[in-house]
Amino acid sequence: MLFFRSEEMLNAWCAASHLPRREIIPLAKIWELASAWYGDRLARTHSRTRGEMRAIFSRLGLAGPFWELPD
Amino acid sequence: MAVGAGRGHVSGVTLQSTPYSDAELRLAIYRFTAETTRLPTHAELGPLTGLAPEEVRAALARLAAEHVIVLNSHDGSIRMAAPFSGIATQHLVRTGGKEYFANCAWDALGVIAALGGAGEVVSRCEQSLAPIQFRVGAAGPDSAPCIVHFAVPAARWWQDIVFT
């Protein structure tokens, strides 16, 4: 997951890297995702099931085949 | 999770449980990293946990198998304990008066989320290499001219987690 200053910069990087353009996430949404995913990482009891990961994606509106996790 | 027989002391906190569980080793890794800004070596984990070297190696392998951490293939050292990176990267994070390296853009904000919710990210645009720098506070990140690109679908993240 990489930062880009604009979609124009991303498009140029994808072309130069011969990689497809996939999911673009704005900074505010990344913060929501980071908070949900890592906010309890230093807690003694931290652990996360696939179901809980899916629930985070769903709650944040990260839906579709790109965000599907295998069982 | 499997268990060892140790008992350790991490960042002023004595871990009381015996036998020493993989979950406690995970916690020791994260507490050490939060305190020192770097991931612990095998040699440092022994005294921290009271585990013998072979127990440390085996426990780290179990944590890696569960995708809790990532080990370097050449020497078994810890490469990632997400969001923290075991090597210097383009994603520098300042929080709590310390500097950490993150594995990726998501993890850069993850370091701040894990350590209390305020700080600064110093990174770059991967195409232009222009600096990208913003602060994160209680209301979230400051407005910054940047986006984050996820190149790998979630189902394939662990096929090559370093590239992901």
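**Exercise 1. In this predicted model, find which residue of β11(B) A:I25 stands opposite, and describe how the two strands pair.**

Step 1. Start at A:I25 and look across to chain B: B:V148 in β11(B) stands opposite.

Step 2. Now widen the view to the strands.

**Exercise 2. Work out how much area chain B and chain A bury between them, and which residues of chain B lose the most.**

Step 1. Count who takes part: 56 residues of chain B are in contact with 40 residues of chain A.

Step 2. Turn to area. The two chains bury about 4,300 Å² between them, and 69% of that lies on carbon and sulfur atoms.

Step 3. Pick out the residues on the chain B side. B:W106, B:I147 and B:H149 lose the most area to chain A, together 19% of what that side buries.

**Exercise 3. Find the salt bridge between chain B and chain A, then say what the touching side of chain B is made of.**

Step 1. The count is 1 salt bridge. Its partners are the side chains of A:R44 and B:E24, at 4.0 Å from N to O.

Step 2. Look at the elements. Those giving two or more residues to this side of chain B include α1 (22-36), β8 (119-124) and β9 (131-137). α4(B) gives the most, with 9 residues.

Step 3. Sort the residues on this side by kind: 37 are nonpolar, 11 polar and 8 charged.

Notes: Residues are numbered from 1 along each chain as its sequence is written. Chains are lettered from A and ligands numbered from 1 in the order in which they are written. This is a predicted model: local features need pLDDT of at least 70, side-chain atom pairs count only at pLDDT 80 or more; totals for chains, interfaces and linings use all residues. Side-chain values use heavy atoms; hydrogens and water are left out. Contact means heavy atoms within 4.5 Å. Buried area is the accessible area (1.4 Å probe) that two parts lose on being put together, summed over both. Helices (H or I, at least four residues) and strands (E, at least two) are DSSP runs, numbered from the N terminus. Ala, Val, Leu, Ile, Met, Phe, Trp, Tyr, Cys and Pro count as nonpolar, Asp, Glu, Lys and Arg as charged, and the others, Gly among them, as polar. Two strands pair if DSSP finds at least two bridges between them.
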